Amino acid sequence: MKFRLGKYISPGGALWRIERLRVYRLLRKFLIGFIIILLLSGIYSIYFDTPKMARLRRRNADIERQYRILNDKILAAERTLDDMKHRDNRVYRPLLGIDTLDIAGVWNDYPEEKYASLEGDLYSDVMIDSWRRMDHLARRMYLASVSLDDTQELAENKELFSTVIPALWPIDRTKLKYVSDPYGWRMHPKRGAWIFHEGIDLAAPVGTPVYATGNAVVTESGTASGYGKVITLNHGFGYRSRYAHLSKQYVERGDSVTRGQVIGEVGATGIVTGPHLHYEVMYMDNTVNPINYFNKDITSEAYIDLMQQLNEKTVESY
Ligand SMILES: [Zn+2]
């Protein structure tokens, strides 16, 4: 019997089967355990952050906070600049009798490629926005510093400045018939379109003397289309003045003139509807309203009169 059994189930063979069974069970346990762990970690990651994710989220929150702080600082700097600009334009510049500073091209747009390297990022919008604001701030600071240089130079040369600024009436006001056209937008009498009038028109008889309104150097004394016989003076400090439609010119390019010196006579040359002086004041190559510069010899009553005349203008001319 022993022998028969031994023929089919050898003691060594049974042991091997049991071992194999044990290994299977163990493997099955491992497999089930592994699947359970996988499932659990899957469910966990849906509802909870992994440590790595949590770290990344903290970093992102940090970046967002830093950008918020940066934007707050930009805002604070903008407010300080607003305040400086206000004082500059409302106090210092009027005190020195100069116009608001405007530098051509300073506000030109930057090419879009400038910000292209920041595109396609989670924080592109906030980064590009911050960068644009900093660029804007840099331009404003540049303007403020140029303006400060201007006012400093003028304050140092106030004496000289007061003699060159175009502050006189360019003709004797007893000869002035009326201000036939003010500075600004108007319907052009000959062209039938809205055109910006770069100066003021002072109607007076042909031959009325025309005065230099401040010490200057003559940069132009000739004829130009539309303007007729015209004289342009450079007063320095960014100021120029122009006198058009003259009948006579007494100065030449390169001459130095002093305030009140007769430089020509009123005429009707160029495109006009009647004899008058077209008078322009330019600051930094932009025309400004000459009325604001007639501060040397105008009383407040005369100023009010003048403003009324400008509102009741009757004759139109170029
Ligand atoms: Zn004019």
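Which residues touch the most other members of the largest nonpolar core? In this predicted model, they are I171, L202, A204, V210, Y243, L246 and L277. The core holds 37 residues in total. Strand 11 gives the most, with 5 residues. As a general background, nonpolar side chains in soluble globular proteins tend to be buried together.

Take Y243 as a way into the core. Leaving out residues up to four places away in sequence, Y243 touches P170, V210, V230, I231, I263, G264, L277 and Y279. Two of these partners, V210 and L277, are also among the residues that touch the most other core members.

Now step back to the whole chain. The protein has 6 helices and 12 strands. Its length is 318 residues, and 22% of them are buried. Consider next the contacts between residues at least 6 apart in sequence. Of these, 68% join residues at least 24 apart.

Turn to the helices. Two packed helices are described by the angle between their axes and the distance between the axes. Helix 3 covers residues 51–96, and helix 4 covers residues 124–156. They pack at an angle of about 25 degrees. Their axes are 10 Å apart. Angles under 35 degrees count as roughly parallel, so helix 3 and helix 4 are roughly parallel to each other. Their crossing is left-handed. What kinds of residues make up the contact of helix 3 with helix 4? The contact divides into 15 nonpolar, 4 polar and 6 charged residues.

D82 lies in helix 3. Is D82 buried or exposed? D82 counts as exposed because it has 11 C-beta neighbours inside 10 Å, and the cut-off for exposed is 12 or fewer. D82 and R140 are 58 residues apart in sequence. In space, their C-alpha atoms are 9.4 Å apart.

Next comes the backbone. Most residues other than glycine have a negative phi. H245 is not a glycine, yet its phi is positive, at about 65 degrees. H245 sits in strand 8. It counts as buried because 26 C-beta neighbours lie inside 10 Å; the cut-off for buried is 20 or more.

M284 also has a positive phi without being a glycine, and here the value is about 50 degrees. Where is M284 found? M284 is in the loop between strand 11 and strand 12 (286–288). With 17 other C-beta atoms within 10 Å, M284 is partly exposed. So H245 is buried, whereas M284 is partly exposed.

One more loop residue deserves a look. Q261 lies between strand 9 (256–257) and strand 10. Q261 is partly exposed, with 16 other C-beta atoms within 10 Å. Which residues is Q261 in contact with, leaving aside its neighbours within four places in sequence? They are Y211 and A212. Q261 and G214 are 47 residues apart in sequence. Their C-alpha atoms are 8.9 Å apart in space.

Terms used:
Residues are numbered from 1 along each chain as its sequence is written. This is a predicted model: local features need pLDDT of at least 70, side-chain atom pairs count only at pLDDT 80 or more; totals for chains, interfaces and linings use all residues. A nonpolar core is a set of buried Ala, Val, Leu, Ile, Met, Phe, Trp, Tyr and Cys residues joined through C-beta atoms within 7 Å. Helices (H or I, at least four residues) and strands (E, at least two) are DSSP runs, numbered from the N terminus. Two residues are in contact if their C-beta atoms, placed from the backbone, lie within 7 Å. Axes are lines fitted to C-alpha atoms, for helices over the stretch in contact, and angles run from 0 to 180 degrees between N-to-C directions. Angles under 35 degrees count as roughly parallel, over 145 as roughly antiparallel, 65 to 115 as roughly perpendicular and the rest as oblique. A crossing is left-handed if the near helix is turned anticlockwise from the far one by less than a right angle, and right-handed if clockwise. Ala, Val, Leu, Ile, Met, Phe, Trp, Tyr, Cys and Pro count as nonpolar, Asp, Glu, Lys and Arg as charged, and the others, Gly among them, as polar.
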